Amino acid sequence: MHIPDGFLSLPVATGTAVLAIAGLAIAIRDVKNNLPEKKVPLLGLAAAFIFAAQMLNFPVAAGTSGHLTGATLATVLLGPSAAVIVISAVLILQCLMFADGGITALGANIFNLAVVVPVVSYVIYRFIIGFGTSSNAEPDLFKKLLAILIAAWISIVAASIFCAFELALSNAAALQLVLPAMSGVHMVIGLGEAAITAFVIANIVRLRPDLLGSSSYVNNTADNERSFFALGLIVSLALAIFVSPFASSSPDGLEFVAEQLGFIASATNLLTQAPLPDYSVPGIESLMIDSLLVGLIGTLSAFVFAWFFARWLSAPNT
Amino acid sequence: MRNTLHSYQELNSWLHRSNAAAKLFAAILIILITTLFTPGYWPGIIFVTTVLISIATSARLHWPALLKRLLLLETLAIGIALLPLLQGRGLELFIFSLARISLCLFTMILLSSTTRFADILSVLWQLKIPALLITTLALMYRYLFLLQEEMQSLNRARNSRTFTPQRQLIWRLNADLLAQLFIRSSERAERIYGAMKARGWKG
């Protein structure tokens with residue numbers, strides 16, 4: 001999901017850079033105030049670990065393989081603010097030394113992968129962990145792994161949606177094309193990311209349970225919570241900024257679709273090979289229902305997958 | 001990986017010797033100008049191409065290595081470049097955006113193969129980037145290659161013990177390897193903290 005140079009327009013590149021700098025500033029302030037000094041070297045080592053971990057191939061099928069991106073893993077292990085810094089550091093090094101991800105798109109890449117993913121991961125993780133448990137009880141492993149699986153999947157898809165909106169706002173591609181393409185691909189990639197993250201956490205818990213949990217890195221002080229709310233505010237603000245141009249140009253959903261008719265018709269032909277290309281209006285409607293349905297089925301099956309996977313991983317003697 | 005990057009950074013040419021800040025800003029400027037070309041503005045593309053080729057040639061860089069890195073990175077960028085083509089905006093736009101991406105990638109390749117990361121970090125330091133981020137970047141770069149070698153040796157040891165690996169088994173073993181690597185990294189971080197503290201580090 002690393003956006004290269006040459007795809008983002010100047011306003012989008014500047015806007016995402018401002019959001020990325022704001023997110024990084026909040027995270028740095030939070031870590032400075034709340035992370036014990038002796039944990040500071042861990043940030044660098046964790047960044048090196050994430051970088052190295054991205055090079056380990058996990059075979060998928062037919063000779064293809066995937067790898068970990070690690071933002072949710074860093075969030076669970078180090079807390080959201082530290083994860084923002086660690087993943088940003090990885091992206092800065094990849095951009096400057098490995099030419100992976102453009103320098104004009106660095107702000108967007110940091111925002112999508114190092115701010116959105118940790119924030120969304122942490123919200124989902126905390127929500128599921130807190131669901132049906134009293135605040136003081138330590139959640140069991142099954143619940144933690146389930147939360148990690150769902151958090152990893154949703155956060156990757158969320159980052160890809162932000163990425164799609166940024167590309168569409170920059171006129172690099174039409175939203176109707178780039179949004180389903182990006183989110184669809186990342187709904188599949190997200191499954192792998194979720195599985196690897198949960199696998200690694202399950203192993204760390206088995207070997208060194210003290211490295212994970214509320215007592216280790218994440219201290220929930222009031223200041224800590226405030227910083228996290230500020231990070232969350234930046235993400236929601238970005239959502240408003242990126243989505244509103246599309247919303248305002250379409251006072252009515254149907255009008256908007258009609259306006260974009262040409263684009264959708266060609267996209268339908270390419271992506272789904274509609275049996276009746278000339279049969280345009282009902283085709284569009286079914287495309288919308290289709291994508292809704294696909295989203296729904298995708299979310300549900302990801303949940304079912306997460307449930308059984310977490311159960312299997314947390315079962316004793318596996 | 002260490003070898004491929006370092007063997008080119010340590011060479012001696014006017015480009016290697018010139019100031020890291022100047023190189024960084026020149027690279028950003030070239031990329032900015034290139035990305036602002038309106039689609040179809042070929043004279044601009046030709047001009048930037050000439051500039052970059054003459055820089056690389058006068059610095060006597062190893063062309064096969066540069067092109068190999070460019071091709072490797074190109075595959076990652078090509079996916080997004082294909083999007084306008086799918087929209088039916090035409091082949092010319094696709095070729096133009098491909099040329100633009102290649103020039104931007106090539107600029108960054110030139111920068112990274114003639115500048116040491118430590119020098120870039122000192123530029124960031126002068127730009128008043130927070131110390132915490134610079135410490136993280138410096139430590140990451142310092143230990144990246146070490147962790148990678150550690151991972152490779154864990155992987156090699158495992159491969160020599162696993163005769164018929166099944167896909168499911170590889171996933172479990174890989175996850176175990178990453179867990180081991182993280183635990184080793186965090187233990188190493190504790191030792192580094194001790195060493196930094198002993199040498200008078202104050203956060």
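**View 1. A:Cys95 is a buried residue, with a relative accessible area of 1%.** Buried here stands for under 20% relative accessible area, exposed for over 50% and partly exposed for what lies in between, with a 1.4 Å probe and protein chains only. The model is a predicted one, in which local features need pLDDT of at least 70 and side-chain atom pairs count only at pLDDT 80 or more, while totals for chains, interfaces and linings use all residues; side-chain values use heavy atoms, with hydrogens and water left out. Residues are numbered from 1 along each chain as its sequence is written, and chains are lettered from A and ligands numbered from 1 in the order in which they are written. A:Cys95 belongs to helix 4 of chain A, where helices are DSSP runs (H or I, at least four residues) numbered from the N terminus. Leaving aside neighbours within four places in sequence, its contacts (heavy atoms within 4.5 Å) include A:Leu106 and, from chain B, B:Met108. From A:Cys95 to A:Asn109 the C-alpha to C-alpha distance is 9.7 Å, across 14 residues in sequence.

**View 2. Helix 6 (residues 141–169) and helix 7 (residues 175–207) of chain A pack with their axes 7 Å apart, at an angle of about 155°.** Axes are lines fitted to C-alpha atoms, for helices over the stretch in contact, and angles run from 0 to 180 degrees between N-to-C directions. Helix 6 of chain A is therefore roughly antiparallel to helix 7 of chain A, given that angles under 35 degrees count as roughly parallel, over 145 as roughly antiparallel, 65 to 115 as roughly perpendicular and the rest as oblique.

**View 3. B:Ser102 sits in helix 6 (residues 91–114) of chain B.** This serine, B:Ser102, is buried, at a relative accessible area of 17%. Residues up to four places away in sequence not being counted, B:Ser102 touches B:Leu70 and B:Glu74.

**View 4. Confidence in chain A is lowest in helix 10 (residues 261–271), at a mean of 43, and highest in helix 4 (residues 80–98), at 93.** These values are pLDDT, the predictor's confidence in each residue, from 0 to 100. Over residues 249–287 of chain A the pLDDT is below 50, although this stretch has 24 contacts in the model beyond near neighbours in sequence. Where pLDDT is low, the predicted coordinates should not be read in detail. The mean pLDDT is 78 for chain A and 84 for chain B, and the model scores ipTM 0.90 and pTM 0.84.

Definitions and conventions: Helices (H or I, at least four residues) and strands (E, at least two) are DSSP runs, numbered from the N terminus.
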